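Good morning, and thank you for joining. I would ask you to look at the structure on the screen while I take you through a few of its features.

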Amino acid sequence: MLVEKVSYQINWKKFKKGWSFFIPCLNPKEARKELLETTDRLRYKILTKVVVEEGIKGLRVWRL
């Protein structure tokens with residue numbers, strides 16, 4: 001998955017319901033769009049929220 005020209009390797013098979021991960025990004029709308037392309041294809045339901053963690057802006061992504 002490519003977000004803001006950075007390649008992320010997410011092991012989607014191990015991403016269980018209730019788990020989350022953080023993706024640092026400057027444009028959360030575009031990052032969410034990239035995530036949805038992948039998760040829609042895999043038929044995963046996700047929840048995203050723009051957060052600042054340790055001073056870094058990004059998206060927190062939960063699998064529902």
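Let me begin with a term: a residue counts as exposed when its relative accessible area is over 50%, as buried when that area is under 20%, and as partly exposed in between. Please also keep in mind that this is a predicted model.

With that cut-off, we may turn to E54. Its relative accessible area is 84%, so E54 is exposed. This residue sits in the loop between strand 4 and strand 5. The backbone of E54 deserves a remark as well, for its phi is near 55 degrees, a positive value in a residue other than glycine.

Where else does a positive phi occur in a residue that is not a glycine? E4 provides an example, with a phi of about 50 degrees. E4 belongs to the loop that connects strand 1, residues 2–3, with strand 2. Its relative accessibility is 36%, and E4 therefore counts as partly exposed.

I now come to the sheet. Strands of a sheet pair through backbone hydrogen bonds, in either a parallel or an antiparallel manner. Here we have an open sheet of three strands in the order 3-5-4, and the pairing is antiparallel. Strand 3 and strand 4 stand at the edges with a single partner strand each, which means that one side of each has no neighbour in the sheet. On average, neighbouring strands of this sheet are turned by 25 degrees against each other, direction ignored. How many bridges join strand 3 to strand 5? There are five, and the two strands run antiparallel, with strand 5 covering residues 56–63. As for individual residues, S20 has W62 in strand 5 as its bridge partner.

Next, the charged side chains. In general, side chains of opposite charge can pair when their charged atoms come close. A search of the whole structure finds one salt bridge. It is formed by E53 and R60, whose closest N and O atoms are 2.7 Å apart. Are these two partners buried or exposed, or something in between? E53 has a relative accessibility of 28% and so counts as partly exposed. R60, at 16%, falls under the 20% limit and therefore counts as buried.

Finally, the aromatic residues. The structure holds four aromatic pairs. In one of them, the ring centres of W12 and F15 are 5.7 Å apart and the planes stand at 70 degrees, so this pair is edge-to-face. Both W12 and F15 are buried, and for W12 the relative accessibility is 12%. W12 also pairs with Y44: the centres lie 6.2 Å apart with the planes at 65 degrees, and this pair is therefore edge-to-face.

Why does the pair of W12 and Y44 tie together parts that are apart in sequence? W12 lies in the loop between strand 2, residues 6–7, and strand 3, residues 20–24, while Y44 lies in the loop between helix 1, residues 28–42, and strand 4, residues 46–53; the pair therefore ties together parts 32 residues apart in sequence.

Y44 counts as buried because its relative accessibility is 16%. Over the face of Y44 lies R63, at 3.8 Å from the ring centre. Taken together, ring pairs link W12, F15, F21 and Y44 into a cluster.

Definitions and conventions: Residues are numbered from 1 along each chain as its sequence is written. This is a predicted model: local features need pLDDT of at least 70, side-chain atom pairs count only at pLDDT 80 or more; totals for chains, interfaces and linings use all residues. Side-chain values use heavy atoms; hydrogens and water are left out. Rings of Phe, Tyr and Trp (its six-membered ring) pair if their centres lie within 6.5 Å; planes under 30 degrees apart count as stacked, over 60 as edge-to-face and the rest as tilted. Buried means under 20% relative accessible area, exposed over 50%, partly exposed in between (1.4 Å probe, protein chains only). Helices (H or I, at least four residues) and strands (E, at least two) are DSSP runs, numbered from the N terminus. A charge sits over a ring if NZ of Lys or CZ of Arg is within 6 Å of the ring centre and within 35 degrees of the ring normal. Two strands pair if DSSP finds at least two bridges between them. Axes are lines fitted to C-alpha atoms, for helices over the stretch in contact, and angles run from 0 to 180 degrees between N-to-C directions. A salt bridge is a side-chain nitrogen of Lys or Arg within 4 Å of a carboxyl oxygen of Asp or Glu.
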